[in-house]
Structure formats: C-alpha cells, structure tokens
Amino acid sequence: MKKYSTIIIVVNLVAFFVFFNHSILKKEALLEQGELILLELAPVDPRSLMQGDYMRLRYTLSEDINSDSIPKRGFCVVGLDTHGVAQKKRFQKDRTPLGQNEYLIEYTSQNRSNINIGAESYFFQEGEAEKYESAEYGAVKVDKKGNSILVGLYDADLKKIE
C-alpha cells in the first residue's frame, strides 16, 4: 500500500507542476504578444486607495452598468481611441460577434453592479505610494480570447510610471 501512496503523490506533483508551468507560459505569451490597452481609472478617494504596498484599482468601463442587461461572466468589448485608451462599446456573453478594431476583455461580476477583469490591484515597493498617486490609466495586455494581464500604470500624459 505504501508503494501506491508514493506513486499517487508523485503523479499529483507532476500534474501540479505541468499545470503551473503551462499557466506561466500562457502569461509570458500574453505579455509578449498581447495588445497594449490603456483603461481609464475611475475616481476613488486617494486616502482609501493606498493601503500598504498596493493600490486598489477601479476602471471607468465598469461604471454606468445596467445590471439587468449584463451576464455574470462575459466579455467587455472595447475600441481604442488614437492614444490607445479603451472606449467601452458593449458587454456580451460570448467572444463573438467582434467587429474590426474591437478587443475583448474577459470579466466576472459577483453583484452585477461592478465588473472584475482580474486586474484590480497594483502592487509596488513599500514607500513608493506617492509616485503612483498621479496614475490615470491602468495598462493591460489582452489577447484574442479576452485574457488580460496588468502591466503597469500610466499618468495623464500617457507615460508609464516607473
């Protein structure tokens, strides 16, 4: 019996590492090949925005949502202006239809009054909070399937805050 327990543990560890490495490879591919989109940050009280070494983010695309008309899980379809800033077009349940120069951002909504794209916190080195107070945009990279990853914060002049 002990022999089988060892085999089961080893198989589970291998499966875990395969899944974990696959996830990392997908994120790396998204960082390299994804389209950079700037999402305008919604106004938030700065005193409650900074908490320790991270900043809570809220995006304007999650404002003014008709909670009865959006699915709990789906995609926010955005178009880009000339500066690469996302303009919300619509919410839809599936990846299609998608027009020319439109991009998908996958979201979930627990309470249907706000959407979560998975990039609602930005972590930074302790003591650097003041530097990020001027943030106006959250920059995400998105792929064709609507997966997104937060890559930084930008100021009003569309310059990355570093």
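Predicted model: local features only at pLDDT ≥ 70, side-chain atom pairs only at ≥ 80, totals over all residues.

Biologist: What box do the C-alpha atoms fill?
Modeller: The box is taken along the principal axes. Its dimensions are roughly 65 × 45 × 30 Å.

Biologist: How many Å separate the centres of domain 1 and domain 2?
Modeller: Domain 1 covers 1–33, and domain 2 covers 35–161. The centres are taken over C-alpha atoms. Their separation is 30 Å.

Biologist: Which residues does the UniProt annotation "transmembrane region" cover, and how far apart are the end C-alpha atoms?
Modeller: The annotation comes from an unreviewed UniProt entry and covers residues 6–25. Over residues 6–25 the chain is 100% helix and 0% strand. The end C-alpha atoms are apart by 29 Å.

Biologist: What area is buried between domain 1 and domain 2?
Modeller: Interface size is often given as the accessible area lost when the parts come together. Four residues of domain 1 contact eight residues of domain 2. Carbon and sulfur atoms give 67% of the buried area between the two domains. That area is about 470 Å².

Biologist: Which residues in domain 1 lose the most area to domain 2?
Modeller: Three residues together make up 86% of what the domain 1 side buries. The side of domain 1 that touches domain 2 divides into two nonpolar residues, one polar and one charged. The three that lose the most area are Lys27, Leu30 and Leu31.

Biologist: How many residue pairs are in polar contact between domain 1 and domain 2?
Modeller: Salt bridges between domain 1 and domain 2 number zero. For polar contact, both residues must be at pLDDT 80 or more. The count is one residue pair.

Biologist: Which residue does a cis peptide bond join to threonine 96?
Modeller: Most peptide bonds are trans. Here omega is about 5°.

Biologist: What is phi of asparagine 101?
Modeller: Asparagine 101 is also found in the loop between strand 5 and strand 6. Most residues other than glycine have a negative phi. For asparagine 101 phi is positive, near 60°.

Definitions and conventions. Residues numbered from 1 in each chain as written. Heavy atoms only, no water. Domains from an automatic or database assignment. Contact = heavy atoms within 4.5 Å. Buried area = accessible area lost by both parts, 1.4 Å probe. Salt bridge = Lys/Arg side-chain N within 4 Å of Asp/Glu carboxyl O. Polar contact = N/O pair within 3.5 Å; in protein donor to acceptor, adjacent residues only side chain to side chain. Nonpolar A, V, L, I, M, F, W, Y, C, P; charged D, E, K, R; others polar. UniProt positions renumbered as here; feature names shortened; annotations may be inferred. Helix = DSSP H or I, 4+ residues; strand = E, 2+ residues; numbered from the N terminus.
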